[in-house]
Amino acid sequence: MRRFSIALVLTVVACGSGSASTSDDSLGQVGQDGQRVINGVNSTADQDAVVQLYYFDRTSSSGGFGGCTATMLSPRIALTARHCVANTDGYSACDSDGNVLAGGRILSDHEANTMYVMLGVKPQFHGKADGQGKQLYVPESRIMCNSDIAVIELANPLPNAQIAKIRLDSPPVKGETITAIGWGITESGRGPSQRQQRTGIRVLDVGPSASKRSGIGAKEFQVGESICSGDSGGPAIADSTGAVIGVVSRGGNGTTSTEPAAACVGAGTYNTYTQVAPHKDLIMQAFASTGEEPWLEGGPDPRKAKADATCGVGDECRSGLCHEGVCVDACTEGGVCADGYTCNGDVGVCVVNVVSESSATDVAVKGCSTTGSARAPASPFALVAAGAIVLAGMRRRRVGCPATRY
């Protein structure tokens, strides 16, 4: 997190709001400054799910103002780092079991309504917030190692916000590549005029591991040079699927210098992300509260219409298919559809079973009336009586007769 009332802490690549403390610079650290993408390029509007996150508490005696990065998972849910929503005792260094070696303890969480998000690709340090926090969801652990993740439920939905996919059922894979997106100081030592991104960042190690600069726990993974002061809480987005697989926690190269970006550059720089999948239950608590659905990796956009909803074009439907004004699913291999649906082979979509009028009549009376050979016409009185008997039989046997789906 970037704090704007004090000088930047130079050897940190994360964020927080507590007072700074010293630690062994050879260890990866979590402190109070956020990380920003190093040697990146301008982030574009199609990455607007990544938002600015600010903590601003007018009642705080220490100024109570700092910034991080977050990712919108729904119009009301933002994902970030735990130390972005808390007061901490300073930097953090961890071992491969997720134990704290130095600092990294949660002193207190901020009030949710002191957290604000801002949309767009341009920094808005003093702009009007687009959303305000209502509820925080954080791990039970009071340390940041292995648990540096938090979810913010906003008071009101942001209807114009983009949302990101998320990987909730599997860990990152060593060797896969990610994109880092965020704000903060660049390799020049200055903040960017536009949100930054860097693609093709390779996952070097997945915990638990005794990593290059600091141990990473079972719920963490590590990359090399990529981020710096201003990106804390920002996403690691899988290049292969576009899904969020982690949030920025800590890192650095151990350099102490008067140059703000010196700790963030070079081959000896290692940065740690918290995996999101191990914290699935925490994330789903927020979705249960808002009644929304996550956009799962490989799944459809949950804001779009389900099958059987009315539509004008396919893009309005989760399946991407609109047939005769209704959202439909594609037939699976072999022309198989869900119960109650039939594959329309001409267009390859599943449509609701339709029973013809003649078939419906047959179904309604089959087994409910008696048929036989031709007979002489009955008297009017006999016809009325017979009709009453048939109707009574149909009522008695209606439960056993198949119904027509409309």
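Predicted model: local features only at pLDDT ≥ 70, side-chain atom pairs only at ≥ 80, totals over all residues.
Is K280 buried, exposed or partly exposed? I looked this up and found K280 partly exposed, at a relative accessible area of 30%.

Residues are numbered from 1 along each chain as its sequence is written, and side-chain values use heavy atoms, with hydrogens and water left out.

Entry: salt bridges.
I take a salt bridge to be a side-chain nitrogen of Lys or Arg within 4 Å of a carboxyl oxygen of Asp or Glu. The structure holds 14 of them. I looked up some of the pairs.

Entry: D169 and K280.
I found a salt bridge between the side chains of D169 and K280, at 2.7 Å from N to O. D169 sits in the loop between β13 (165-166) and β14 (177-182) and K280 in helix α1 (residues 280-290), so this pair ties together parts that are 111 residues apart in sequence. Helices (H or I, at least four residues) and strands (E, at least two) are DSSP runs, numbered from the N terminus. D169 counts as exposed, at 60% relative accessibility.

Entry: E220 and R250.
I found E220 in a salt bridge with R250, with the closest N and O atoms 2.7 Å apart. E220 belongs to strand β16 (residues 220-223) and R250 to strand β18, so the pair ties together parts that are 30 residues apart in sequence. I then checked burial: E220 is buried, at a relative accessible area of 0%, and R250 is buried, at 0%.

Entry: V248.
I looked for V248 and found its place in strand β18 (residues 243-252). V248 is buried, with a relative accessible area of 1%.

Entry: E293 and R318.
I found a salt bridge between E293 and R318, the closest N and O atoms being 2.9 Å apart. Both E293 and R318 lie in the loop between α1 and β20 (322-323), 25 residues apart. E293 is partly exposed, at 37% relative accessibility, and R318 is partly exposed, at 23%.

Entry: a network.
Last, I noted that salt bridges link R76, K134 and E153 in a network.

Definitions and conventions: Buried < 20%, exposed > 50% of the residue type's maximum accessible area, 1.4 Å probe, protein only.
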